[in-house]
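Subject: Structure for you to look at

Hello,

Here is the structure I said I would pass on. My notes follow below it.

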Amino acid sequence: MALPIVFLSHGGGPCWFMDGRDPGCSRVKEMDKNSGSADFMRNLRLKAGLPRNPAAILVVSAHWEAEEFTVQDSESHSLLYDYTNFPEFTYRLQWPVHGQPKIAARVRDVLTKAGLRCEADSTRGLDHGVFVPLMLAYPEADVPVVQLSLKRNLDISEHLLAGEALGALRNEGVLIVGSGQTTHNLSVNNESGVVPPWCRRFRDWFHDCLTNVAYSPADRKRRLLESERESTFYDAHPTIEHFMPAPVVCAAAGYAPGRILNDEIVLSAMVMSSILFE
């Protein structure tokens with residue numbers, strides 16, 4: 001049976017482990033450990049109907065770009081604290097999850113057969129786009145995790161091809177997760193509560209593109225290929241790495257319509273929506 005696939009908005013750094021009421025933490029109070037998005041992530045398995053024990057979790061995170069698609073093939077993982085200016089305790093978070101070299105080999109196999117080059121990396125740690133959401137969703141740390149990079153050229157057509165190839169793994173017990181952000185323009189985030197028009201427009205476009213049941217798979221793929229033509233695209237994503245995991249997982253789901261699991265706007269312009277593909 002094919003497993004579901006999910007796109008997650010992973011928030012800001014280690015925000016879900018911080019308390020916005022503590023000194024120095026007020027900047028994350030809208031997405032701290034007491035927030036709706038943190039509660040959603042803690043209950044993700046229930047809300048999304050995700051399996052408790054998939055063979056592995058394969059994560060495509062916005063926070064790893066490599067010259068070629070690259071997959072972690074290590075048996076154990078360190079954590080990569082790739083965020084700055086957060087409380088000291090957030091650099092001591094631990095999640096002792098293992099890797100799964102056999103699944104990594106299958107990732108390389110399906111991508112290679114699709115005509116895509118895929119390298120292996122046995123030393124890089126899991127970045128916060130992986131461990132921050134999954135520490136909440138799978139706190140037991142007993143499901144192997146494999147991370148796949150984006151390709152540095154951030155070409156949408158190549159990433160769709162990669163997603164199409166990865167879709168085969170959902171029939172092999174692999175839970176595929178895209179970890180990015182619905183909007184990611186850090187220059188405009190603030191606590192004013194005033195949501196700029198472009199933010200709502202992009203959110204509506206993003207949700208329509210990924211969830212509208214009226215679109216055929218070919219329609220949805222075309223819309224993703226043309227996504228940069230959306231007038232608010234670069235307002236929402238001045239750089240597109242946080243957008244890219246969404247097309248990858250949509251392609252892995254065969255461009256079937258997704259279902260919105262969570263949708264909120266924090267810091268005026270950061271859309272925290274997550275989408276399930278069944």
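What covers the buried residues of helix α3 includes β2, β3 (69–72), β4 (118–121), β5, α5 (156–166) and β6; contact is taken as heavy atoms within 4.5 Å. This is a predicted model, in which local features need pLDDT of at least 70, side-chain atom pairs count only at pLDDT 80 or more, and totals for chains, interfaces and linings use all residues. Residues are numbered from 1 along each chain as its sequence is written, and side-chain values use heavy atoms, with hydrogens and water left out.

Helices (H or I, at least four residues) and strands (E, at least two) are DSSP runs, numbered from the N terminus. Buried means under 20% relative accessible area and exposed over 50%, with partly exposed in between (1.4 Å probe, protein chains only).

On α3 (residues 101–113), the buried residues are Ile 103, Ala 104, Val 107, Val 110 and Leu 111. Seen down the helix axis, they fall within an arc of 125°, so they line one face of α3; the arc is that of the directions from the axis to the C-beta atoms. The face turned away from that side carries the exposed Lys 102 and Lys 113. Just after α3, Gly 115 has a positive phi of about 85°.

As for strand β2 (residues 56–66), nine of its 11 residues are buried, so the rest of the structure largely encloses it. β2 pairs in the parallel sense with β6 (residues 174–180) over six bridges, pairing being at least two DSSP bridges between two strands. There, Ala 56 stands opposite Val 174. Six bridges also join β2 to β5 (residues 145–151), again parallel, and Val 60 has Leu 148 as its bridge partner in β5.

Regards
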